[in-house]
Amino acid sequence: MATVAAAALATPLLLASASPSAAQRQDPGDRAAMDASKLARKLVQKSSADDAFEHLEKFQQIADSTDGHRAAGSLGHDASAAYVYQQMKKYGYDVSYQRFDFIYTETLAEKLSVVSPAPRDVEIAAMTYTKSTPVGGIKAAVAAVPVDDTTGCEAADYASDTFTGKIALIKRGGCSFAEKQAAAAAAGAVGAIVYNNTEGSLSGTLGDQASAKIPTGGITQADGEKLAADLAKGPLEVSFEVRELQEKRSTNNVIAETRRGNAANTVMLGAHLDSVTAGPGINDNGSGSAGLLEVAEELAKREKQPTNKVRFAWWSAEENGLLGSEHYVANLSSLGKKEIKLYLNFDMIASPNYGLFVYDGDNSDGVGSGAGPTGSAQLERDINEFLDKRGTPHEGTDFTGRSDYGPFIEVGIPSGGTFTGAEGIKTEAQAKKFGGVAGIAYDVNYHAAGDDISNINMKAFAVNIGIIANAVGTYAHDISSLRKPVTTVPTDGDAGSGGGLHDGHDHEVTE
């Protein structure tokens, strides 16, 4: 009996020891979701705009000591890249430089003035890679290209001999700036002035040196329409000078990643580190760069065993045409491309007259470019849900392909991110939604000397750092949301965010 009783008592114990614990029974997906939620909450709580602002102060100090800017190929960018490299090393990441050559450009002169019949000055921005006029510029008559859906794109737009020896006035739209100035050059024009087809200034690129045929600059819609109206009344002569330094230089992307985590599920976030030569680039794009640094530091403090590898990138030569991100993606192996499960881009996240714009991954707004690669809709949804839970208003913005998500989209990597507006004009509806002032640019100091440490909206900065922190915390452990269906919800967003041309960065090639 004692033996039987002992056996009877032992049986439940044996069964209990053989039965998996609650933790062992837990579905791996549930565990990943719990870890993701916990880490995301921590990172959102601990990541601070005030702390990130200290990085902006460093970028400002660098610019102040290096000719006032941090452009790729300059001492200012080299010092900025070294600072990011050192910080990420200190935080414990695997860090590397990725060096590449490019054509450094620096504007030497950009002047336009009406000589006759009524003298006046007109603000103009030299196109990147433009041919240069002689020192002192050229004086010539203006000839306007007839306006249609593809103004200035075909040879037929230029009547025989009408443009020979003249400066072509061309409305934006229908084809690239390079195609417009090439067609004008073929018709005998000695220069090209492209005016915007929406509010805001116009800066752009001809793509590369080989594409440039004649001196080319961009002006506002209002200035272009006034020149066209004056020209309709009679002959118009202008003095036109655009000159640009162009020379081969080297620069570095900075790439940093967690030492642990499954490389087959790499989650990647990036921001361009370079400025234009006109100013220190503290909002464009010190803000995105500083936001990544702040969240990367908090991740290093709070998670030593991420499920997935987390990779951060600080791109160079974005302002020259997305050259850093293009170089990176072009040099990924086939396996390397497959391993990157998502890319999030943060470019200008603290504009002083900000809007909160989320890239339209599913093209639910139905404007501009189409949807991003499969998974992009989910990235948009995840950011929107984070903002909705916090009661933060937002709008969509089109995937124009004109920031560093572009090369990732081209190879099928799900992409997304946020931005707060550039030289586009804030609408009345947006002013009611986000605050700020309608009728002026999201960032009046875009691509200008005024883009300095005083040009930061801390509220917008904090919201976007929260977005970065939530994304990093979530995707470091769990990317299952990329497989969950999305219910499309159209917003009031449009191409370029409320008429904005963030896509008017110097890398803007297409119309």
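Reader: Is R381 buried or exposed?
Author: R381 is buried at 14% relative accessibility, where buried means under 20% relative accessible area, exposed over 50%, and partly exposed in between (1.4 Å probe, protein chains only). This is a predicted model, where local features need pLDDT of at least 70, side-chain atom pairs count only at pLDDT 80 or more, and totals for chains, interfaces and linings use all residues. Residues are numbered from 1 along each chain as its sequence is written, and side-chain values use heavy atoms, with hydrogens and water left out.
Reader: OK, and what does R381 meet in a salt bridge?
Author: D382, at 2.9 Å from N to O. A salt bridge here is a side-chain nitrogen of Lys or Arg within 4 Å of a carboxyl oxygen of Asp or Glu. D382 is buried too, with a relative accessible area of 16%.
Reader: How many salt bridges turn up in the whole structure?
Author: The search finds 13. One of them pairs D230 with R120, with the closest N and O atoms 3.0 Å apart.
Reader: Where do those two sit?
Author: D230 is in helix α7 (residues 221–233) and R120 in strand β2 (residues 120–122), so the pair links distant parts of the chain, 110 residues apart. Helices (H or I, at least four residues) and strands (E, at least two) are DSSP runs, numbered from the N terminus.
Reader: And which of the accessibility classes does D230 fall in?
Author: D230 is buried at 18%, while R120 counts as partly exposed at 23%.
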